[in-house]
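Have a look at the chain before reading on.

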Amino acid sequence: MGLRIDEATFLERAISRFGTRYDYSQMTYKSYRTPIKIRCVEHPVREVVITPERHLQTTGGCKYCLRNYRNQTLERVLRMDCEPSVLPTPPLARAPQEPPAVGQKSKAV
Ligand SMILES: [Zn+2]
């Protein structure tokens with residue numbers, strides 16, 4: 001893999017994926033595989049240490065956001081129990097413009 005991602009490219013990707021969800025001002029970018037420290041804007045209590053690679057491949061690394069996301073997924077799975085046991089695709093991987101957590105009300109209930 002000749003994939004090289006520099007800081008500018010990483011930031012560009014991260015922001016197109018997460019928008020302003022994470023704060024990158026404290027990070028020291030060394031390489032795509034070297035962990036960085038970032039902060040989730042919604043949950044700044046704990047800084048997130050994650051490699052840029054994983055940051056772009058996951059929900060970002062904030063465990064609180066991940067928990068929200070898991071709860072949502074669980075609810076969705078419980079609502080349609082005919083769903084085959086397929087691992088859910090993180091919505092961020094598909095629709096960078098639509099963060100999964102915030103204020104999505106389902107029409108049921
Ligand atoms: Zn968070």
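How many helices and strands does the protein chain have? There are four helices and three strands in the protein chain, taking helices as DSSP runs of H or I with at least four residues and strands as E runs of at least two, numbered from the N terminus.

## Ground rules

Everything here comes from a predicted model, where local features need pLDDT of at least 70, side-chain atom pairs count only at pLDDT 80 or more, and totals for chains, interfaces and linings use all residues. Residues are numbered from 1 along each chain as its sequence is written.

## Layout

Reading from the N terminus, the elements go α-β-β-β-α-α-α. Of the 109 residues in the protein chain, 20% are buried; that takes 20 or more other C-beta atoms within 10 Å of the residue's own, while 12 or fewer makes it exposed and anything in between partly exposed, with C-beta atoms placed from the backbone.

Contacts are pairs whose C-beta atoms, placed from the backbone, lie within 7 Å. Among the chain's contacts with a separation of 6 or more, 29% link residues 24 or more positions apart.

## The sheet

The three strands form an open sheet in the order β1-β2-β3, with antiparallel pairing. β1 (22-23) and β3 are the edge strands, each pairing on one side only. Pairing here requires at least two bridges found by DSSP between the strands.

β2 and β3 share four bridges in the antiparallel sense, and a hairpin of six residues joins them. Across from I38 sits V48 in β3, and I36 has I50 in β3 as its bridge partner.

## The core

A nonpolar core is a set of buried Ala, Val, Leu, Ile, Met, Phe, Trp, Tyr and Cys residues joined through C-beta atoms within 7 Å. The largest one has 13 residues, with Y22, I38, C40 and V48 making the most contacts inside it. At least two core residues come from each of α1 (7-18), β2 (36-40), β3 (47-50) and α3 (63-79).

Beyond its neighbours within four places in sequence, C40 is in contact with R21, Y22, V48, G60, C62, Y64 and C65.

## A loop residue

Y32 lies in the loop between β1 and β2. Why is Y32 partly exposed? Because Y32 has 19 C-beta neighbours inside 10 Å.

Leaving out neighbours within four places in sequence, Y32 is in contact with I5, F10, P52 and E53. Y32 and F10 are 22 residues apart in sequence, with 7.8 Å from C-alpha to C-alpha.

Conventions:
Two residues are in contact if their C-beta atoms, placed from the backbone, lie within 7 Å.
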